[in-house]
Amino acid sequence: MLTAAEREFVLSLGAGQVVQVEVWDRAKLDDLLSVHADVEASFTRDNLLEAAMLYGQERALLMGGIGDVSARVTALGG
């Protein structure tokens with residue numbers, strides 16, 4: 001939630017301009033994201049990891065930490 005001073009500042013940005021300023025709080029943004037989940041996904045998606053999983057190469061990215069490093073080195077040695 002915005003403080004009263006923050007809300008006043010944001011609303012004052014449109015003063016004397018031919019624009020309409022509207023303040024959206026966290027609840028409004030969460031509501032919009034629930035309707036348009038694809039927008040949130042476009043910012044939070046890890047395309048590289050998804051592609052690696054599609055091709056069964058998650059371990060090649062070493063996303064599982066030291067366990068993946070160890071398994072990858074062992075596999076390369078084999």
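**Briefing on a helical protein chain**

Lys-28 lies over the face of Trp-24, at a distance of 5.1 Å from the centre of the ring. This contact belongs to a predicted model, in which the protein chain has 5 helices and 0 strands. The points below treat the overall fold, the charged side chains and the nonpolar surface in turn.

**Fold and exposure**
- The protein chain comprises 78 residues, of which 5% count as buried.

**Charged and aromatic side chains**
- The count of salt bridges comes to 1.
- This salt bridge joins Asp-30 and Arg-26, whose closest N and O atoms are 3.1 Å apart.
- Asp-30 and Arg-26 are separated by about one helical turn, because they stand 4 residues apart in helix α2, which covers residues 26–35.
- Asp-30 counts as partly exposed because its relative accessibility is 38%, whereas Arg-26 counts as exposed because its value is 60%; the cut-off for exposed is over 50%.
- For aromatic pairs, the count comes to 0.

**Nonpolar surface**
- Ile-66, Val-69 and Val-73 make a nonpolar surface patch of about 290 Å².
- Within this group, Val-69 is placed in helix α5, which covers residues 66–77.
- Val-69 has a relative accessibility of 32% and therefore counts as partly exposed.

Notes. Residues are numbered from 1 along each chain as its sequence is written. This is a predicted model: local features need pLDDT of at least 70, side-chain atom pairs count only at pLDDT 80 or more; totals for chains, interfaces and linings use all residues. Side-chain values use heavy atoms; hydrogens and water are left out. Patches are made of residues with over 30% relative accessible area and no salt bridge: like charges are joined within 9 Å, nonpolar side chains (Val, Leu, Ile, Met, Phe, Trp, Tyr) within 5 Å. Accessible areas come from the Shrake-Rupley method with a 1.4 Å probe; for residues, only the protein chains shown count as cover. A salt bridge is a side-chain nitrogen of Lys or Arg within 4 Å of a carboxyl oxygen of Asp or Glu. Helices (H or I, at least four residues) and strands (E, at least two) are DSSP runs, numbered from the N terminus. Buried means under 20% relative accessible area, exposed over 50%, partly exposed in between (1.4 Å probe, protein chains only). Rings of Phe, Tyr and Trp (its six-membered ring) pair if their centres lie within 6.5 Å; planes under 30 degrees apart count as stacked, over 60 as edge-to-face and the rest as tilted. A charge sits over a ring if NZ of Lys or CZ of Arg is within 6 Å of the ring centre and within 35 degrees of the ring normal.
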